[in-house]
Number of protein chains: 2
Amino acid sequence: MRNVSPDTITQAFADYAAKAEDARTKEVLCSLAKHLHAFVKETQLTHAEWMAGLMALTRAGEITTPERNEFILFSDLFGVSALVDMVNTPKGATNCSNLGPFHQRGAPELADGGDLWKDQPGEPMVVTGRVLDAETGEGIAGATLDLWQNADNGLYAVQDAAQPAKNYHALLRCAPDGTFAFSTTRPKSYNVPYDGPAGDMLRALGRDAWRPAHLHVIAEAAGYRPLVTELFPEGDPYLDSDAVFGVREDLVVPLGTLANGETPTHLAARDRLPERVLHAPLLIRMARA
Amino acid sequence: MRNVSPDTITQAFADYAAKAEDARTKEVLCSLAKHLHAFVKETQLTHAEWMAGLMALTRAGEITTPERNEFILFSDLFGVSALVDMVNTPKGATNCSNLGPFHQRGAPELADGGDLWKDQPGEPMVVTGRVLDAETGEGIAGATLDLWQNADNGLYAVQDAAQPAKNYHALLRCAPDGTFAFSTTRPKSYNVPYDGPAGDMLRALGRDAWRPAHLHVIAEAAGYRPLVTELFPEGDPYLDSDAVFGVREDLVVPLGTLANGETPTHLAARDRLPERVLHAPLLIRMARA
């Protein structure tokens, strides 16, 4: 249309999309256009501000590699990733939370009761838990947990040449009643990368880059929706200021201690662990597919 | 906060920005976050859709060069660029319109009455006009016009090794009464680049990539706000479907003919032009700074 105006441009975008083959694609992109238009009108965005945004995206493109995606980081820091997780969490199930950039496909298998600690530096921690049906509360047979976390220096294996490849990464098959246990170290809080345009945004907003310590989990089981989440041991100073908005109340795990002799007796590293060792009990509630 | 929810995340983003040094930066980014959140909630965006968007941005980064910025193209195709132009057009002034990616700094000077045609293929066209004060309607002394357009093959000089560098680019100083004239060829409609992720979006929406023919102008004069705009000769089949929403009614120029002997008599190429030649009369209204 030739008389496009601030009042008509959103409808003009929708009119242009009249021939879209897929109704959902049209719905999503028309909604995005509408909300971007509302943003420009609300802020009366100047050309200089518009160009600053485009240059931030351009620089994000320049800094992005297969190992480090600045667009995902922007999505995380705007809370968009967290919101997508929240709106896609089935009712009654454990909240979804950030996949993050450090997941590696093909993690080595870890027997139930196995050990990720391997006498590395850090605070040894025993994780026990159970994967449950969100509706019935009963254990799910045949569940697998894809687990990963950072080492005591705050780095994930992929960030740290000094760590063995896939250190602190594991694929664990739970017991038939859905229970599981393994030993590891307490994960550490760390900064998201702040040397790119997303870091510039944090500084411009007076925000810090800290994430509270967490254990990543992808839970899968036949007949259930896969669950990508993070679990946050209680007591971290950044639980209330996670830079990427990943914390939800049901993802905060009480951090107690396990006295020697306490279950799980099948824990492979139990005899090497301190008498009283950190203990994080997890419950993972999965929704049926 | 640890109990972030779809209802609280926008406020959480604002709370995180409480220490921002610059109030306007905070205002703009909080507004952007709010509208992105509204988009995700309205569409109940899935993880697959979210990732498709992030991969489109990632691919935009990969295809972007100093000569071709796919993020600006996305902004154009979403109507964001046009909307920024519209909200920044002062009342009574000629509408701003897309700068586009083909502007070159340091265009060669062209005397008033000068020639960009240079006997190249195409429909010779005479452009005459006047630069006016938007408030008083009087001519502005000392105005300069940075002019550029494509050649008859639809390509701008920067896109076409066969054209001389800065072909159809000129910096013209208007007469003391604000009038100006030059000869050129009628610009051609053309497709925006559609071989990247922005083109994928056009295809997904059933949209085409055509822009109606236009002449780019940056008008500058001491004491006035610079004006970046495009002028569209009437009669182009894409005037009502410009892919980048650049057309506004005051930017559509009547396209008539100029009979031999008609003004402007100082037109350098007048004796080589056809007896009756295309004529585009422009009025450019500038707002005081």
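Predicted model: local features only at pLDDT ≥ 70, side-chain atom pairs only at ≥ 80, totals over all residues.
Visitor: Noted. How many bridges join S3(A) to strand S4 of chain A, and which way do they run?
Guide: There are five bridges between S3(A) and strand S4 (residues 169-173) of chain A, and the two strands run antiparallel.

Visitor: How many residues of strand S3 of chain A are buried?
Guide: Four of the five are, so to speak, under cover: strand S3 (residues 144-148) of chain A is mostly covered.

Visitor: Now chain B. How many residues of strand S3 are buried there?
Guide: For strand S3 (residues 144-148) of chain B, four of the five residues are buried. S3(B) is joined to strand S4 (residues 169-173) of chain B by five bridges, running antiparallel. On that side, B:Trp148 stands opposite B:His169.

Visitor: And in S8(B), what's the bridge partner of B:Asp146?
Guide: That would be B:Ile218. S3(B) and strand S8 (residues 215-220) of chain B pair over five bridges, again in the antiparallel sense.

Visitor: Back to chain A. What's the order of the open sheet of four strands?
Guide: In chain A the order is S5-S2-S12-S11, with mixed pairing. Strand S5 (179-185) and strand S11 (256-258) of chain A are the edge strands, each pairing on one side only. From one strand to the next, the twist averages 40°.

Visitor: How many bridges join strand S2 to strand S12 in chain A?
Guide: Nine bridges link strand S2 (residues 124-133) and strand S12 (residues 277-286) of chain A, and this pair runs parallel. Within it, A:Met125 is placed opposite A:Leu278 of S12(A).

Visitor: Let me zoom out. How many helices and strands does chain A have?
Guide: Chain A has six helices and twelve strands. Its C-alpha trace spans about 80 × 40 × 30 Å along the principal axes. Of the 289 residues of chain A, 44% count as buried. Take the contacts in chain A between residues at least 6 apart in sequence: 70% of them join residues at least 24 apart.

Visitor: What domains is chain A divided into?
Guide: Domain 1 covers 9-80 and domain 2 covers 93-286. The C-alpha centres of these two domains of chain A lie 33 Å apart. Their contact takes 14 residues from domain 1 and 13 residues from domain 2 of chain A.

Visitor: Which elements give two or more residues to the domain 1 side?
Guide: In chain A, H3 and H4 do, and H4(A) gives the most, with six residues. By class, that side of domain 1 has seven nonpolar, two polar and five charged residues.

Visitor: Switching to the chains: how many residues of chain A are in contact with chain B?
Guide: 70 residues of chain A contact 70 residues of chain B. Several helices of chain A each supply at least two residues to that side, among them helix H1 (9-16), helix H3 (47-63) and helix H6 (197-204). H2(A) provides the largest share, 17 residues. The side of chain A that touches chain B has 38 nonpolar, 18 polar and 14 charged residues.

Visitor: Last one: through what surface do the copies meet?
Guide: The same one, because 100% of the interface residues of chain A are also interface residues in chain B.

Definitions and conventions:
Residues numbered from 1 in each chain as written. Chains lettered and ligands numbered in written order. Contact = placed C-beta atoms within 7 Å. Nonpolar A, V, L, I, M, F, W, Y, C, P; charged D, E, K, R; others polar. Domains from an automatic or database assignment. Buried ≥ 20, exposed ≤ 12 C-beta atoms within 10 Å, placed from the backbone. Pairing = 2+ DSSP bridges. Axes fitted to C-alpha atoms, helices over the stretch in contact; angles between N-to-C directions.
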